[in-house]
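This report is written for a reader meeting the structure for the first time.

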Amino acid sequence: MTINPRLYPLLATIGIFIAAYIVCWIQFPYMLSTRVAGNLLTDNAYLGIVAVGMTLVILSGGIDLSVGSVIAFSGVFIAVLLRETGLHPLVVFVLLLGVTTAFGAAMGGVIHVLGMPAFIVTLAGMFLARGASYMLTIDSVPIQHPFYELLKDAYWLMPGKGRLTLIGIVMLLSVAVGAVVAHRTRFGASVFALGGGERTARLMGVRVGATTVGIYAFSGFMAGVSGIVFSIYTGSGYPLATVGTELTAIAAVVIGGTLLTGGAGYVLGTLFGVLTMGLIQTYIVFDGSLSSWWTKIVIGILLLLFILLQRGLVRATAVRA
Amino acid sequence: MLLSIRNLSKSFPGTLALDDVDFELRAGEVHALLGENGAGKSTLIKCLTGAYRRDSGEIRLEGNPISPASTSEAQELGIGTVYQEVNLLPNLTVAQNLTFGREPRRFGLVDGRAQRKMAQEMLSGYNLDIDVGRDLGAYSVAIQQIVAIARAVALSGKVLILDEPTASLDAAEVRMLFDVVRDLRDQGLGIVFVSHFLDQVFEICDRLTVLRNGRKITTEVVADLDRLTLIEHMLGRELEEATEHEAAQKDPHSRSRPELLRFEGIGRDGVVEPFDMTVHKGEVIGLAGLLGSGRTESAELMFGVRASQGGRTRDADGPVAHGNPREAIQSGFGFAPEDRKTDGIVADLSVRENIILALQAHRGWTRPIPRSEQNRLADEYIAKLDIRTSDAEKAIGDLSGGNQQKVVLARWLAMNPRFLILDEPTRGIDVGAHAEILRLIHEMTGQGMAVLVISSEFDELIAVADRVIVLRDRRHTGELSGSDVTSDAIVREIARDDADPRTQRGAA
Amino acid sequence: MKRSFRRVLPQLLTLAALMALVTLFFPQFLSIDYAGGRLSGPVIDVLKRGAPVALLAVGMTLVIATRGIDLSVGTIMAISGAVAAWALSSGWGAGPAVILAVGAGLVCGLWNGCLVAIVGIQPIVATLILMTSGRGIAQLITEGRILTFDAGPFAWLGSGILLGLPVPVFIWVLTAVGVAALMRRTALGLLVESIGINRSASALAGVNATVLLIAVYMASGLCAALAGIIATADIRGADANNAGLWLELDAILAVVIGGTSLLGGRFSVAASVLGAMIIQTIDTGILLAGFPSEYNLVIKAGLVLMILLIQSPNLVGHWHFLRHSLRRDPDASPRGAKS
């Protein structure tokens, strides 16, 4: 039984992650502990969640630049609503997810109806969401609600005293949900079909408009969830938060083995992409002498590596066909 | 009768694409649909598959009138189509492609195991031993083609339309595909086979229908038909008179003129077999052959659009480089490609800019052509070629096809090349412009330029060419010159069954 | 001349309307004082502060004209700023510092150009690599600190005064005029437009698309380096983290406001720098008019949406009639110079 070539990028991602972890472990044996693993999940939870949404967008051949702003908007929205009204956080969450999902759906609609590049449409969305959060407040608004304390402190104590926090669990769940949606539903099949080519997808019976709206709505929803998680993580809402997160998320998706031109990839890969990026940061923190800018450089190198790898794979298949 | 079409008409602004066409397809037959470019084949198929709405006429499937409004509706009715460029998704697995839109589900989720099983069942009987869990793109075009057929048959199951399915297959793959087609025919499907490979039509088809200029010419039983009659049906040439008249103008001694270029062993695997060609000063060479015979590909090899494997080219002064378009232009070549829209015009640029583009690229960016010179060139060619445009600053995309073609011609004339290749120079052009372009070709050669004209209009070749090289199945098979250049002779040359290398009269 | 004036007319009108609007809320907007050998006033401020985006927009215009995009310009600003500051703090003079910074920008552009034109990666992806890792490289050069240097000839480039006007104004205006002239007085502009509209047809006509693409990304790198020099000189220090942060988006916006289509083709450098000035006028105007600066982004979003509607291929049929009535204008002399 040979390995299916479509798995190569995913295996490369997982392989790099394991190799990196082994390197870390040899230098700092403590890194192989559930504490470090738990922190890795917690610290990167918001990124992982938003990257799941981004994976679907990229699989369809699109891009969503608005998610960083939407996360910031979510934090501000929650903080201001909790401060100004007596609503329960859960009610606020539902409202928020409604807003961000509708926002994403609207962007998808504009992309489809106007036939303009997703890049520029979601750029407008980015400005709009950031502007909207500024309009709610320009300050960092702390969230003080007993329910929030509860969420923040909720964790499952893993063997080895590592804490798998609630937000870490939410991220893992998001990955699972994303994987099911992408790989086990007809909607997911349509997403891949769009990424393979819109004209052919249409011929095979994909409802392009509805699927496009659905994809960006899903990304908006995930950005909303990510915003909730981020507000739990930081305990506040700040309109200047998570600037540039969309690009980190895109990088994670690519390092996760998804083809940036769309049509090939795995949601699970994105999880490993996020974890690899988190691991590099953790390593640099552990090392202490290395400077944080190495994170960016290493991530850049990984990006280049994966883009070249995929170009090679695409060429190889093209030659055979 | 499985499928019957009566009095089908379809027009587009300016053209009547289908004019009162009848067509019948029986269950259990393979029926070829033949015709040259613009004959109406693809319009007919698009009306059948719901991509176009017909203007009038009726389509009956098993006796019931149908009018599909979309490809998926046609599919549900029982009409499936497989195109040359496989319309499946190479980035999905074979199983996903086969079951797309009707994936087996459990608890609302796609059941991967059942999906693969379903795919395997769909492929059983096609004699394919492939892993349905792999990406479709990992397999050869032939296998993708068969997967596409399997999907179309499973979805539709009555009528199967194969639109140029063999265009990019090799001989073994064609055999594999034909085995599948025969099996399906024996199972009682009605199969419409569109191809320009006549050998294949004779091999696999039971009956055939020829379309020309949007009209149905004839429907015949293949076994009762010889190749020559068929080609005459397709090309519709009954113009001996005209031919003789034109032939009188030819220069039978074009080959005794001074030699300009000598191509030797130019070719590429799977594109065109290596060929030799000698070009003389001031002569017009025609390339004739059916669609897909390698005409355009020969031109592309000569202009460096595709790289030749081996071979060499010389002129009186030594070797001539044409490994890429820029080298070819340096060597004094020009090439007006067949597809004006994608390869010829730069739509948003003005007529003036399109005319000077090649000349400017040749001079390099540091030596811009002075604006006054640009205007002079533009005005000169607009007048000389009678380009109908309100002014030279109009975007070329807003011009009619004939005028666009003239601008592309002007672009090359401004370069004053010694060897100009024109691929279908009169395609989609009205009659007046047509005659003018032929006149222009004569004018150009009067000044010593050699011109290679590719055309599926034999009248045109006869009118313009001093000699005609005939291609068949990606091979230069023969040559006619002087008074031998007649429609009849070209047709016979194309039809000749055994293209024996010994009869290859190559270039001098 | 008429033709090129008409090309930038919408941008000029927008800018004029904006300025009128700001003046309505802040009457002193148009007032200019002259004191101590320098002009000062809100308009001068707009001209100076708009310099980085205007410079980036010049390079971005060319890249977008070839159907590409350059996400890395903000990062290139940081790199070239870091290089300049490093050179100065290592005791080199202002001249070598500028040369090194410009060289760094060109190398970055060369890298992007090779990825796009030779390796064949789509521009947005290719430039994303440098965008992500470049800031790390800049920090590597500054070793993570904000590298400061003393006022000197280099700082003059950012905050000096020449003929009463801030030096950065001269830099961006001269760059824009220089690039526009280079494009229109040579054949570069035509060739760039032709590969943006139809690369295949251009290649068949003998246009060397590969070299042109690389050159265009190098030009973008050069403009970004100039912007980086101004930003660094202005604050007398290189901040690898924040120099040019997110300015690539403003630059893209400026080009889009300037009417150059993201789908490549016809471009106007003049319209793009006007676009940059429009953005800066909104920024400054909102501040002066006493509106909270948070309106800024919402207005930008509105602008993008408006432009989307105008450029949308799906709606183009509705605009067609407008375009044609413009083209048929009898004033449109076929001999009108374009540059």
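Is the crossing of helix 3 of chain A and helix 12 of chain A left-handed or right-handed? The crossing of these two helices is right-handed, where right-handed means that the near helix is turned clockwise from the far one by less than a right angle, and left-handed that it is turned anticlockwise. The model is predicted, so that local features need pLDDT of at least 70 and side-chain atom pairs count only at pLDDT 80 or more, while totals for chains, interfaces and linings use all residues. Residues are numbered from 1 along each chain as its sequence is written, and chains are lettered from A and ligands numbered from 1 in the order in which they are written.

Helices (H or I, at least four residues) and strands (E, at least two) are DSSP runs numbered from the N terminus. Axes are lines fitted to C-alpha atoms, for helices over the stretch in contact, and angles run from 0 to 180 degrees between N-to-C directions. The two helix pairs are set out here.

| Helix pair | Angle | Axes |
|---|---|---|
| Helix 1 (residues 8-27) and helix 13 (residues 267-287) of chain A | about 25° | 9 Å apart |
| Helix 3 (residues 45-59) and helix 12 (residues 245-255) of chain A | roughly 70° | within 9 Å |

The angle of about 25° makes helix 1 of chain A roughly parallel to helix 13 of chain A, and the angle of roughly 70° makes helix 3 of chain A roughly perpendicular to helix 12 of chain A; angles under 35 degrees count as roughly parallel, over 145 as roughly antiparallel, 65 to 115 as roughly perpendicular and the rest as oblique. The crossing of helix 1 of chain A and helix 13 of chain A is left-handed.

Two residues are in contact if their C-beta atoms, placed from the backbone, lie within 7 Å. Among the residues of helix 3 of chain A that meet helix 12 of chain A are A:Leu47 and A:Ile58, with A:Thr245 and A:Val253 among those on the helix 12 side. This contact has 9 nonpolar, 3 polar and no charged residues, where Ala, Val, Leu, Ile, Met, Phe, Trp, Tyr, Cys and Pro count as nonpolar, Asp, Glu, Lys and Arg as charged, and the others, Gly among them, as polar.

**Sheet and hairpin in chain B**

In chain B, 6 strands form an open sheet of mixed pairing in the order 6-9-10-3-11-12, and two strands pair if DSSP finds at least two bridges between them. Strand 6 (79-82) and strand 12 (215-221) of chain B are the edge strands, each pairing on one side only. Within the sheet, strand 3 (residues 30-34) and strand 11 (residues 207-212) of chain B pair in the parallel sense over 4 bridges, and B:Leu34 has B:Val210 as its bridge partner in strand 11.

Strand 13 (residues 259-268) and strand 14 (residues 272-280) of chain B pair in the antiparallel sense over 6 bridges. These two strands form a hairpin with 3 residues between them, and B:Gly270 in the turn has a positive phi of about 75°.

**Domains and chain contacts**

The domain assignment of chain B, which is automatic or from a database, gives domain 1 (3-91 + 135-235), domain 2 (240-332 + 417-503) and domain 3 (350-415). The C-alpha centres of domain 1 and domain 2 of chain B lie 32 Å apart. Between the chains, 20 residues of chain B are in contact with 22 residues of chain A.
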